[in-house]
Each structure stands twice: as structure tokens, then as C-alpha cells.
Amino acid sequence: MTANADRGTWSSKMGFILAGAGSAIGLGNIWRFPMITGQYGGAAFVMVYLGSVFLLSLAVLIAELSLGRATQRNPVGMYNALAPGTAWKLFGVLGVLTGWGISSFYSVVAGWTFGYIFKTAAGAFNNLGPDEIASAFTNFISNPVASIGLHAVFMCLTMLILFGGVKEGIERWSKILMPLLFFILIFLVVRSVTLDGAEKGLSFYLLPQWDHLSLRGVAAAIGQAFFSLSIGMGTMITYGSYLSKKENLISSARWVAVLDTSVALLAGLAIMPAIFAFGLDPQIGAGLIFVVLPNVFNEIFLGNLFGTGFFILLAIAAITSLISIVEVPAAYFIDELKMSRKKAVTISGGGAFLAGIPAALNGNFLDWMNIIFGQYSLIIGSLGVSLFVGWKWGTAKVAAELRAGNPNFKSDKTYAFFIRFFAPVCITLLLIFVVAFPGLF
Ligand code: PHE
């Protein structure tokens with residue numbers, strides 16, 4: 001049923017896991033997770049996050065991969081193929097729009113990491129104290145030429161990789177670079193937890209204080225789990241559409257979730273102790289890692305070299321995620337509007353670049369885009385996927401898709417419970433609460 005020769009497939013299970021993990025692991029883990037963990041009170045938030053990854057998100061991730069592989073389509077095409085002529089496709093349309101929404105601000109933050117490669121290499125933060133490092137960040141992002149320019153460079157790189165298509169482009173890059181990031185993070189964790197005064201950060205991060213958790217925090221934790229696993233906007237539907245029938249979807253999904261969560265937890269462990277050790281504020285927001293990490297690098301032998309390596313890898317992690325976001329509108333254009341890959345990627349990436357300009361100029365706007373598209377849109381999209389699989393496409397069909405590539409799959413009932421009841425009920429209740437009590441912390 002392949003609609004267009006410009007689609008493609010992964011070369012192996014390993015290829016998919018790395019590409020899937022490449023999509024999942026990115027700024028979401030290293031920039032966004034520590035930032036909102038800081039904002040929503042630490043360990044209790046982390047617990048809800050973990051529950052939401054393994055109880056809710058994993059079920060949705062498996063659903064997205066199944067839908068993608070069953071139909072070999074982008075999100076809109078998938079809904080059209082399985083429920084022609086119905087309003088379900090609106091969830092697909094929301095996914096394509098969310099692709100633009102997220103890629104717009106994502107590329108701006110990725111541009112910052114790019115800028116920090118050069119700043120760190122040049123020793124721009126050497127001998128600066130925590131406050132000076134913080135104002136260096138503010139000055140850096142308030143320069144419109146730099147932020148728009150770096151955003152442009154980053155988006156162009158992403159488009160260049162996407163021109164290469166699925167195997168040569170996305171897969172090859174993810175394979176080489178993801179493992180390296182893991183090692184550098186472990187090293188950072190070791191340095192961070194051994195800083196003087198790290199204990200306060202460790203207890204903030206590891207000892208839950210439930211009274212610090214709000215409903216809004218729960219929504220943020222669930223939204224973060226979706227963001228981090230790249231679900232709720234059709235990325236994993238699209239990536240699943242490039243999977244072969246031989247693959248075991250459940251074990252692939254589990255691998256992606258475990259790798260992604262480990263990186264997020266490590267990133268938190270690298271950042272939280274350092275925040276407190278340097279007397280910084282965990283609620284700082286979007287600048288958190290850019291303000292905290294240069295202090296840690298200053299405390300490390302050959303810190304500039306190390307810091308430069310870190311920002312290079314972070315930029316790469318960001319690119320392997322950004323390609324998966326920009327790919328969603330592109331796949332829609334290729335499948336539904338029969339465009340060439342080149343044209344589709346140009347429109348998808350170009351559109352995201354333009355949409356990102358306001359976020360590059362204004363931090364508040366960036367925060368709003370992050371909440372609207374990075375949290376609420378993904379929550380609504382995941383609700384759509386679970387309702388669709390649980391109640392429309394049907395749990396028998398999803399089980400049959402899961403059995404292709406895994407003939408021994410027998411957990412039909414358990415999976416049906418999660419995707420039909422648990423996920424939709426939890427997400428709906430949460431949405432009702434946050435709409436009913438706006439601004440509650
Ligand atoms: N999961 C990616 C990250 O953590 C971001 C992403 C969100 C990718 C939504 C695809 C879809 O950086």
C-alpha cells in the first residue's frame with residue numbers, strides 16, 4: 001500500500017530503535033525535563049512523570065506504531081484509511097499543525113545550543129560567577145540577529161538531512177551519535193553530584209514532597225512524557241509507517257521508552273544538584289541548562305573542551321528529534337498531496353522556520369508555544385489515538401497488528417484495558433480539571 005516511492009523503510013530493528021530513540025531523546029530530555037521538574041517541585045513531579053511514561057505513554061506509543069505500520073501512512077492518511085469520511089482525521093490534522101508548532105520553537109532552542117558550542121569553545125564563561133553566566137544567557141538570547149540566524153541555520157541542517165530520506169538520512173545519524181551522548185551525560189552526573197552543596201539538589205530531585213504537586217504539575221508531567229516519547233502528534237505513527245511487519249512493536253516501544261527515560265533521569269541528576277550547589281533558582285525556566293551547565297564546566301578539568309563536546313552532542317540529539325517533527329507535515333505532503341520529498345520538506349521546514357521567528361524574538365511567546373503545542377496539543381492527540389484504537393479501530397485489530405512480528409503476543413486483555421479505559425479516562429479527567437481550574441498551581 002506504499003503510496004509513493006519517496007517513502008522508505010528502516011533497514012533493521014536496531015535501525016528503528018535507534019531512530020525512534022533518536023526522535024525521543026532530544027531537548028525534551030535535557031532541556032525541557034529539568035526545566036519543568038524545577039518548576040513543578042522536583043521529586044513528586046518525577047514520580048508522576050515515571051508513572052505516566054510506563055502506564056500511559058507506553059500504551060499510546062504502541063498504539064501509534066501499530067497504526068502507522070498497519071496503514072503505512074502519515075497521521076491524516078492513517079485516520080482517512082481506517083475511518084474514511086469521518087471527523088477522526090481532525091486528530092491527524094491537529095498532529096500536522098502541532099508538528100509546525102513544536103518544530104518552530106524547538107529549532108529556536110536548538111539554535112541556542114548551537115551558539116553555546118562556539119561560546120563554550122571560546123571560553124566565554126571562564127572565570128564568570130553564576131550571576132554573570134545568567135546575564136550572559138539573557139544577553140545572548142536578546143540579540144535578534146543571533147537567535148533568528150541560529151534558528152535558520154539549525155532548520156536548514158534539519159532539512160538537508162531530511163532530503164536524504166529515511167535510511168540514509170534519519171537512521172544513519174541516529175546510529176552513530178546517540179550512544180556518545182549517553183556517556184558524556186554519565187560523566188556530567190558524576191561531577192555534578194560530587195559538587196559541594198549537591199545534597200540539597202539531590203533531595204529536591206529524589207525525595208518526593210507530595211504537597212508541592214499540583215494538578216497543573218500532573219498535567220505537565222503527562223505532557224512531558226508525551227513530548228519526550230514523541231507521541232500525540234503522529235511522529236510515531238509516521239515512524240511506524242516505515243517499520244517492517246517482521247518487527248516486534250512492543251519490544252521496540254519498550255526499548256525506546258527505557259532509553260528515553262534513562263536519559264531524562266540522568267539529565268535531571270546532572271542538573272538538579274548543580275542548581276543548588278551554585279545557589280541558582282530551579283524555577284528559572286527556559287534558560288535553566290544554559291545557566292547551570294557552564295558553571296559545572298568551570299569546575300571540571302578541561303571544562304571548555306568537555307562543555308563544547310556536550311553542546312555538540314546536545315545539538316545533534318536535537319537534530320535527530322527535530323527531523324522527526326518536521327517529517328510529520330512532510331510525510332503528509334508526500335502521501336496526501338503527492339509532492340516530491342524535496343518540495344514537501346522545504347515547505348514543512350520553511351513553514352516551521354517562519355512560525356519560529358516570534359519565539360526567537362520573545363521568550364514569553366516561546367513559553368506559550370511550548371505549553372500549547374508541547375503540552376496541550378500532545379495530550380489531546382494522545383487522547384485521540386487511544387480513543388481511536390480502543391473504540392473505533394478496535395482492540396482485536398491492534399492485537400492482530402502486534403502479533404505480526406510477535407506471534408506469541410497474548411496480553412490482549414491487558415493492553416485493551418490500558419488503551420480502551422485507563423488512558424482515555426485519565427487524560428479526559430485531567431483535561432476537565434485543568435480547564436475547570438485554569439491557573440491552579
Ligand atoms: N521527543 C523529542 C524530545 O524529547 C521531541 C519531540 C516531540 C519529537 C514531539 C517528536 C514529537 O526532544
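Trainee: Why is Lys-245 called partly exposed?
Mentor: Its relative accessible area is 43%. Buried means under 20%, exposed means over 50%, and partly exposed is in between, with a 1.4 Å probe and protein chains only. Since 43% falls in between, Lys-245 is partly exposed. Keep in mind that this is a predicted model, where local features need pLDDT of at least 70 and side-chain atom pairs count only at pLDDT 80 or more, while totals for chains, interfaces and linings use all residues. Residues are numbered from 1 along each chain as its sequence is written, and side-chain values use heavy atoms, with hydrogens and water left out.

Trainee: What makes Lys-245 and Glu-401 a salt bridge?
Mentor: A salt bridge needs a side-chain nitrogen of Lys or Arg within 4 Å of a carboxyl oxygen of Asp or Glu. Here the closest N and O atoms are 3.0 Å apart, so the pair qualifies. Lys-245 lies in the loop between helix H11 (235-240) and helix H12 (249-277) and Glu-401 in helix H17, so the pair ties together parts 156 residues apart in sequence. A helix here is a DSSP run of H or I with at least four residues, numbered from the N terminus.

Trainee: Is Glu-401 buried or exposed, and why?
Mentor: Glu-401 counts as buried because its relative accessibility is 8%, which is under the cut-off for buried.

Trainee: Which other residue is in the network with Lys-245 and Glu-401?
Mentor: Arg-69 is, as salt bridges link Arg-69, Lys-245 and Glu-401 in a network. Arg-69 meets Glu-401 at 2.7 Å, N to O. That pair links distant parts of the chain, with Arg-69 in helix H3 (residues 43-71) and Glu-401 in helix H17 (residues 395-403), 332 residues apart. Both Arg-69 and Glu-401 are buried.

Trainee: How many salt bridges are there by this rule?
Mentor: The count is four. Another one of them joins the side chains of Arg-403 and Asp-412, at 2.9 Å from N to O.

Terms used
Helices (H or I, at least four residues) and strands (E, at least two) are DSSP runs, numbered from the N terminus.
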